[in-house]
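Grab your viewer and work through these exercises. Each one has a task, followed by a solution in steps.

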Amino acid sequence: MKIDIILCGVGGMGALSSAAIISQAALEMGMYMKQAETHGMAQRGGDVQSHLRLSDKEIASDLIPDGQCDIIISVEPMEALRYLPFLNKEEGWVITNENPFINIPNYPEKEEVLAEVRKVKNSIVFNADKIALDLGNPKGTNMVVLGAASKYLKIDIEKLENAIRSIFGKKGEEVVMANINALRAGREVADKI
Amino acid sequence: MEKLLLLGDEAIAQAAIDAGLSGIFGYPGTPSTEIPEYIQASKEAKEKGIRSNWACNEKTAMEAALGMSYAGKRAMFTCKHVGMNVAADPFMNSAITGVNGGLVYIAADDPSMHSSQNEQDSRFFGDWAMIPILEPSNQQEAYDMVHYAFELSEQFKLPVMIRITTRLAHSRSGVVIRRNAKEQNKVKLPENPKQYILLPVNARRQYNELLAKQEDMIKASTQKGFNQYFDAPDKKIGILACGLAYNYLMENFTQTKCQHPILKVVQYPMPKDMLKKLYEECDSILVLEEGQPLFEQQLQGILNKGKKVMGRLDGTIPRAGELSPAKVGKALGLQVSEGLPIPSLVAPRPPKLCEGCPHADTYRALNEAVADYSKGRIFSDIGCYTLGALPPYNAINTTVDMGASITMAKGAAEAGYQPTIAVIGDSTFTHSGMTGLLDCVVDNIPVTIIILDNSITAMTGSQKSSATGRIESICEGIGVEKEHIRVITPLKKFHEENVKVIQEEIAYQGVSVIIPRRECLVWLNKKRKEERQKQKKQE
């Protein structure tokens with residue numbers, strides 16, 4: 001079993017936290033993993049990405065080869081498109097929040113961006129921001145998206161919840177539950193499709 | 001057996017702690033920053049009394065590391081690749097002095113320039129200085145190699161370089177660590193009292209000793225076992241895969257076996273006998289290097305009259321940028337998978353100054369203050385404020401190397417292009433700006449130097465700045481007149497005053513310093529969060 005994941009977004013949107021949660025879960029499961037991230041200058045409002053590779057065999061490259069990514073998990077729709085060259089075009093999934101994060105003057109029309117995402121064979125595009133907001137956790141978008149993606153991750157959602165507990169545990173039960181609830185709400189979206 | 005999930009950088013730091021490190025010395029720089037940070041945050045390191053504060057710059061850091069080694073203890077130095085340029089003087093000469101306690105230099109390169117201004121390959125430095133170089137291909141190897149590097153350093157009495165790149169530094173993986181940490185060395189001065197006195201008479205002798213060690217270093221590269229030869233039947237191509245390149249090669253053979261012989265090299269000097277076997281048995285050689293074509297060039301020779309050597313020089317691999325599984329696969333003529341193209345509507349999203357950043361207010365004031373002058377007179381430097389080059393600010397005209405703002409502004413002013421203005425960050429100023437300021441004062445050049453004081457080294461993620469609380473006294477001490485050291489607060493509400501201050505100092509026909517002072521917001525938020533957590537704990 002192997003699964004190659006790209007998590008992406010804009011600096012500060014929590015893409016790297018999602019990566020940390022999946023990694024933690026994979027480690028608990030005794031899988032081999034490699035997780036490459038963007039640090040430094042790019043984090044200042046630029047595009048950030050993480051290549052996360054899980055396998056029951058040893059992994060060679062830190063980067064996912066072109067055309068072999070199983071799932072792109074994005075908190076922002078245009079960012080999901082940026083990594084399409086990595087996607088397995090037949091079997092790969094794109095799971096993304098539908099609301100643009102606009103911090104550049106030439107951001108394309110939202111509908112055109114979403115149309116491009118929907119052109120991908122397997123995709124879920126949904127309003128994760130709204131779900132997070134309705135839960136009273138406006139910063140929880142990344143967890144909602146991760147929840148939706150969890151259906152295709154080959155990792156039990158309980159394992160992800162345990163990982164959330166171990167990563168956010170020191171911040172208190174309230175933070176842990178807010179994240180877990182966001183995760184579950186995202187999963188419901190995927191389960192309904 | 002304990003397995004930790006660690007970044008390559010963290011694996012190196014943990015290994016150093018476990019290998020009996022007494023001190024780490026460095027200046028922040030992507031992708032090396034997390035190495036000292038890990039040790040600064042480690043309870044274990046604190047208990048062991050391992051020193052880990054940031055230095056002013058890479059040169060002072062490396063010299064202090066050399067001093068700790070002189071006193072017999074194990075020391076580590078870290079920097080990003082361009083930091084090697086700053087530390088080049090102690091670096092080259094430390095190969096001549098040799099070491100006493102184990103001394104390991106970590107050079108973190110950034111091919112593809114994710115967060116850098118060039119993609120220089122630090123292995124050239126190691127090769128030039130003729131010291132052993134290790135180039136781990138994964139996090140576990142990085143951990144193991146730090147232990148070995150200290151042993152090798154003490155065995156050969158030489159500093160050892162470990163060269164890593166962004167993909168290893170900032171990639172996390174499970175690492176098995178040794179828990180039987182080595183005790184720190186005791187203070188013990190070098191046996192030869194002349195070892196560190198590089199008078200020509202001593203230096204000549206020491207240089208000959210360095211030359212004499214080379215054969216044994218090659219033997220170590222062959223015998224240690226990090227370098228491996230994998231034989232295979234198809235000798236039309238033999239593959240020399242260095243460091244991380246080996247991973248990209250193997251990624252192409254997850255389902256099948258590579259039919260060509262492979263020499264994996266992660267320890268230099270080059271294991272001559274292993275390479276000779278590859279060269280003699282194969283019709284052509286494909287050289288895979290993550291970085292610049294150092295060994296490809298050496299193997300090819302100036303006249304390139306031997307066997308066919310393929311790699312970055314002949315275009316088999318693109319000349320610039322980091323490697324990838326696909327680049328390597330294509331070089332071998334393999335069918336590589338492809339994803340979907342990026343839709344044309346996808347716009348680049350470059351990094352930018354944060355919302356409410358103090359630098360933004362300074363740039364708005366500066367732009368207005370110089371609006372009546374012709375363009376092209378703002379010399380800037382390396383840091384978050386480099387982003388002032390981008391819209392909407394378009395505020396600066398140069399960014400070259402740490403400290404170059406002040407000295408380039410000086411040179412341009414001396415060419416008759418006046419007024420000139422330098423924009424430099426607080427930490428960059430104490431890194432390499434102070435000596436340039438002294439040049440300005442000594443020559444009494446009319447330049448205006450804006451030292452952006454956000455009280456932190458911001459770009460690399462909020463490291464303590466050596467400049468904090470010292471800038472005015474440094475400038476005054478260097479000889480800038482007190483009334484021309486002006487402190488302003490970069491906030492919208494002070495915009496008009498700030499513009500006026502900048503204009504007044506530009507008009508002054510001497511050296512003036514303006515210090516816009518306001519804390520970095522990322523840092524401020526981090527600090528407040530930490531305080532809140534501390535408070536919560538106390539409750």
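**Exercise 1. The fold of chain A**

Which pattern does chain A follow, read along the sequence?

Some ground rules before the solution. This is a predicted model, where local features need pLDDT of at least 70 and side-chain atom pairs count only at pLDDT 80 or more, while totals for chains, interfaces and linings use all residues. Residues are numbered from 1 along each chain as its sequence is written, and chains are lettered from A and ligands numbered from 1 in the order in which they are written.

Step 1: Chain A reads β-α-β-β-β-α-β-α-β-α-α-α-α. That comes to 7 helices and 6 strands, taken as DSSP runs numbered from the N terminus (helices: H or I, at least four residues; strands: E, at least two).

Step 2: With a radius of gyration of 15 Å, close to the 16 Å from the globule rule for 193 residues, chain A is as compact as a globular protein of that length. The radius is taken over C-alpha atoms, and the rule is 2.2 Å times the number of residues to the power 0.38.

Step 3: Of the 193 residues in chain A, 57% are buried (20 or more other C-beta atoms within 10 Å of a residue's own, with C-beta atoms placed from the backbone).

**Exercise 2. The sheet**

Work out the strand order of the open sheet of 8 strands.

Step 1: The order is 6(A)-5(A)-4(A)-1(A)-3(A)-2(A)-7(B)-1(B), with mixed pairing. Strands pair if DSSP finds at least two bridges between them.

Step 2: Check the edges. Strand 6 (122-126) of chain A and strand 1 (2-7) of chain B each have a single partner strand, so one side of each has no neighbour in the sheet.

Step 3: Neighbouring strands are turned by 20 degrees against each other on average, direction ignored; axes are lines fitted to C-alpha atoms, for helices over the stretch in contact, and angles run from 0 to 180 degrees between N-to-C directions.

Step 4: Inside the sheet, strand 1 (residues 2-10) and strand 3 (residues 47-55) of chain A run antiparallel, joined by 9 bridges. A:Lys2 of this pairing sits opposite A:Ser55 in strand 3 of chain A.

Step 5: Contact here requires C-beta atoms, placed from the backbone, within 7 Å.

Step 6: Helix 5 (residues 141-149) of chain A packs there too, touching strand 4 (71-74), strand 5 and strand 6 of chain A, with its direction at about 155 degrees to that of strand 5.

**Exercise 3. Where the chains meet**

How many residues of chain A are in contact with chain B, and which element supplies the largest share?

Step 1: 42 residues of chain A are in contact with 38 residues of chain B.

Step 2: Helix 1 (15-28), strand 2 (32-37), helix 2 (77-82) and helix 3 of chain A each supply at least two residues of chain A's side. The largest share, 5 residues, comes from strand 2 of chain A.

Step 3: Chain A's side divides into 21 nonpolar, 11 polar and 10 charged residues, with Ala, Val, Leu, Ile, Met, Phe, Trp, Tyr, Cys and Pro as nonpolar, Asp, Glu, Lys and Arg as charged, and the others, Gly among them, as polar.

Step 4: Strand 2 of chain A pairs with strand 7 (residues 171-177) of chain B in the antiparallel sense, over 3 bridges. A:Ala36 has B:Ser171, in strand 7 of chain B, as its bridge partner.

Technical notes: A residue is buried if 20 or more other C-beta atoms lie within 10 Å of its own, exposed if 12 or fewer, and partly exposed in between; C-beta atoms are placed from the backbone. Two residues are in contact if their C-beta atoms, placed from the backbone, lie within 7 Å.
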